[in-house]
Amino acid sequence: MTKVEEALTLVLDSVKVLDRKKVKLRDSLDKVLAEDIYANSDIPPFPNSAMDGYALIASDTGGSSATHPRRLRVVEDLRAGYVATRSLGRGEAIRIMTGAPLPEGADAVIMVEETKKLEGLRLKVAGESEKHKGEFVEVLREIRPGENIRRAGEDLRKGELAIKEGKVIGPAEIGLLASLGIGRVPVIRAPEVAILATGDELLEVNETLVPGKIRSSNNYTLYGQVLHCGGIAVDLGIVGDIREEIKARIESGLDYDMLLTSGGVSVGDYDLVKDVFVELGMEMRFRKVAMKPGKPSAFGLIRGKPVFGLPGNPVSSMVVFEQFVAPAILKMSGKTGPHKLEVLAILKEDINKEPGRKYFLRAWVEFKDGCYWAKTTGPQGSGILRSMSLANALIIIPERTGEIKAGEKVRVQLWDYPGTERIGKKITLF
Ligand code: AMP
Ligand code: MG
């Protein structure tokens, strides 16, 4: 029997980072950038106003205050998206909106809240436009050069490294790429993962139950898990416990980057999947893992493609997926970060355990009074999906450990946010 850590190493050593391709900007989200991206222009491309206010010459405001304001003549209105038609002269101001380019001659912006518009003042100025006739503004404090101006290139200078290769593209990166005008992005391709359920007892979701049959849930749990870790899931449906059919379907699954089968890998008389793996020449890396649930799990390469023989029991296949399949998918996608966050939590109940295998217990973990607290979510039978659905974490208990008492610290693998106030509503299970 292979230990969990060893099994993970065997999996990770057997899969390779996939090739790169260019995708449309929106499709690059959550993918790994395959190339360094350098800024092809300054961002922002021109100096612009950070405020709604007035562009001016800072030295025109020397000594200005609320009690002794300096008065400037307003010569133009400038909205974002347009360029001033004239440059600014001494004693002049241009009304400017956030994001509008700084007019030539101006070296600062005063925010509108620090000014006072002089209404109804009619001072005759030679050559002024009709619109701004007699429009003046008082500035209520002294302004330093550069105030409220965003410099060209203050975000990124032309030629500067914008995003490093290997970065997972999130909303900020996709925004940066958009600013740089990069509409097609080189990324590591996401793996296509085929899912095949095996078992004579299995029905499709829309089939009526008849004695002896159950609906296949693994096609759906695994589909969800593949998507959650960024893979492309391809459901190959269900195949009965018929050797030749299993073989044909597994072979068709080898067209994808990875194949997951569920069921048929334990020691029952009709557990044919492992036999077929052998017939197809699988380079078997492991066939049993010292874990509970999930012991009957196989992994190897068939014609170079990674193939997981996951257990049929719904919770076992989910747990095994998260421990081995998800890390493999992440590696193939070029991702290096940890998959699921693991923290220490204080156990809220006693747990019985036989030494020998590593246990993964469905649990609800809460963050309270500065600590994580963990309690199991009910019956832990490997077919009981309900307690998985109630869980936000797995308690992980090492192979050698026996019984553990309430109050002891245990490692928990968070599958979701710890229980806490959510959207204003307290969620507790106990
Ligand atoms: P097996 O590994 O084939 O012996 O299956 C172990 C248990 O998991 C049996 O009770 C099966 O009925 C059940 N099982 C197998 N495949 C599925 C599936 N796709 N969906 C739900 N339960 C399954
Ligand atoms: Mg079966």
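Contact here means heavy atoms within 4.5 Å. I noted this before looking up any residue.

**Entry 1: ground rules.** I am working with a predicted model, in which local features need pLDDT of at least 70 and side-chain atom pairs count only at pLDDT 80 or more, while totals for chains, interfaces and linings use all residues. Residues are numbered from 1 along each chain as its sequence is written, chains are lettered from A and ligands numbered from 1 in the order in which they are written, and side-chain values use heavy atoms, with hydrogens and water left out.

**Entry 2: Ser-262.** I looked up Ser-262 and found it in strand E17. Helices (H or I, at least four residues) and strands (E, at least two) are DSSP runs, numbered from the N terminus. Is Ser-262 buried or exposed? Ser-262 has a relative accessible area of 2%, so it is buried. The scale is: buried under 20% relative accessible area, exposed over 50%, partly exposed in between (1.4 Å probe, protein chains only). Setting aside neighbours within four places in sequence, I listed the contacts of Ser-262 as Leu-196, Ala-197, Thr-198, Asn-218, Leu-222, Leu-310, Pro-311 and Gly-312.

**Entry 3: the cores.** A nonpolar core is a set of buried Ala, Val, Leu, Ile, Met, Phe, Trp, Tyr and Cys residues joined through side-chain atoms within 4.5 Å. The largest one has 38 residues, and those touching the most other members are Met-258, Leu-260, Phe-308, Phe-321 and Phe-324. Elements that give two or more residues to this core include strand E17 (258-262), helix H1 (4-14) and helix H6 (314-332). Which element gives the largest share? H6 does, with 12 residues.

I then picked Phe-308. Not counting residues up to four places away in sequence, Phe-308 touches a list of residues, among them Val-11, Met-258, Leu-260, Phe-277, Phe-324 and Ala-328. There is also a second, separate core of 20 residues, with Val-234, Val-265, Leu-272 and Val-307 among its members.

**Entry 4: H1 against H6.** Two packed helices are described by the angle between their axes and the distance between the axes. For H1 and H6 I noted an angle of about 30° and axes 9 Å apart. Axes are lines fitted to C-alpha atoms, for helices over the stretch in contact, and angles run from 0 to 180 degrees between N-to-C directions. H1 is therefore roughly parallel to H6; angles under 35 degrees count as roughly parallel, over 145 as roughly antiparallel, 65 to 115 as roughly perpendicular and the rest as oblique.

Val-4, Ala-7, Leu-8, Val-11 and Leu-12 on the H1 side meet Gln-323, Phe-324, Pro-327, Ala-328 and Lys-331 on the H6 side.

Entry 5: Most residues other than glycine have a negative phi, and most peptide bonds are trans. I looked for exceptions. The peptide bond from Ile-43 to Pro-44 is cis, with omega near -5°, and Pro-44 sits in the loop between strand E2 (37-38) and strand E3 (48-49). Lys-292 and Pro-293 are also joined by a cis peptide bond, with omega about -5°.

Asn-148 is not a glycine, yet its phi is positive, near 60°. Asp-369 has a positive phi of about 50° and is not a glycine either. Where is Asp-369? Asp-369 lies in the loop between strand E23 (358-368) and strand E24 (371-376). With 72% relative accessibility, Asp-369 counts as exposed.
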